[in-house]
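Could you look over these notes on the model before we talk? They are rough, one topic per point.

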Amino acid sequence: MELHNVGRHCALCNTLDYLPHHCPGCDQHFCSQHRMTDAHQCQTISEGNISAVVLHKGSAAVGIPCCVEGCSDTSATVTTCPDCSNSHCLKHRHPSEHNCPHLRATNIEARHVQEKVLARQEQVAARIEQVKEVAETKRGKRKPIMSEKKRKTAALVAQMKLKGSATGDKSVGDDDRFYLRVFLDETGGESVAPTSKPLFFASRLLLGKVLDLAAQSLGTTVRPAANTDQAQLRAYRCDDLLAVPYDQSLRQLQTSGILPSGSSVVLSRVATGQLVGRVYKA
């Protein structure tokens, strides 16, 4: 198969080249050996007639030197930077290679953003450490959780002491009496010290009824006063601030070990977090 119409002859050596190179300066075609302006001694470029050189698709003309100081490359593949509009050889075509002013400005802005992000991360980390320190401090103030066996023993000793001073419904028989040291700490505020009373109740009563009687004895009510945003009273064990369930009788609480007779409870309208560190002693 003959290819008569494919390729061109080099204007200098007349060699048939199937991929000829066109010189925009002298408007002639050359083989790969003579494609450079120096190789075919392009008169247009050598005479300094740069205006006659045609630019193609954003590429700088043949013979235009690279704008990077110290670079002597004048090849036909010089490119124009879209940011600074200067011409550069292939080696220096990337913005980072020719120290593009636009890239410097972008790097400075990125560095400022990174500094702000790092500063914010440091602030968040510092805040987390503060929260941890507060949590550790509160945890240190909380009394260690007592085992069920020790709680029963301590309650038995306390019950012996309460029998001599506790008040309550005298119609309740001695064998049916359930003794409690009841503290009142409605708001958990430092300005108001908690008050307490030794009381006894019939063991068959539900805790909800016990709360009503205990609150009345301490001069308050379970339900908050009208036109206030306070919550109703809740009962918590003094040693670990565990909320005591309303719907169980004192006898059931004794059997399950949740609240033995002789225990101390605190009545409050605030969350347990506001009671941590408070001391409840008669």
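1. Start with helix α4, residues 207-217 of this predicted model. (Helices here are DSSP runs of H or I with at least four residues, strands are runs of E with at least two, numbered from the N terminus.) Its L207, V210, L211, A214 and A215 are buried, where buried means under 20% relative accessible area, exposed over 50% and partly exposed in between, with a 1.4 Å probe and protein chains only. Those buried residues sit within an arc of 130° when you look down the axis of α4, so they line one face of the helix; the arc is taken from the directions from the helix axis to the C-beta atoms.

2. What covers that face? The cover for the buried residues of α4 includes β8, β9 (195-202), β10 (234-237), α5 (250-256) and β11 (263-268), with contact meaning heavy atoms within 4.5 Å. After α4 comes G219, which has a positive phi, near 80°.

3. On to salt bridges, meaning a side-chain nitrogen of Lys or Arg within 4 Å of a carboxyl oxygen of Asp or Glu: the count is 6. E186 pairs with R269 at 2.7 Å between the closest N and O atoms. E186 is in the loop between β8 and β9 and R269 in the segment after β11, so this pair ties together parts 83 residues apart in sequence. R269 is buried at 10% relative accessibility, while E186 is partly exposed at 25%.

4. D240 and R237 also meet in a salt bridge, 2.6 Å from N to O. D240 is buried at 13% relative accessible area, and R237 is buried at 8%. D174 and R177 form another, with the closest N and O atoms 3.7 Å apart; D174 is exposed at 60%. A network of salt bridges links D176, R204 and R251.

5. Now the confidence. Mean pLDDT (the predictor's confidence in each residue, from 0 to 100) is 78 for the protein, and 81% of residues reach 70 or more. Over residues 46-62 pLDDT stays under 50. Where pLDDT is low, the predicted coordinates should not be read in detail.

6. Bookkeeping: residues are numbered from 1 along each chain as its sequence is written, and side-chain values use heavy atoms, leaving out hydrogens and water. As this is a predicted model, local features need pLDDT of at least 70 and side-chain atom pairs count only at pLDDT 80 or more, whereas totals for chains, interfaces and linings use all residues.
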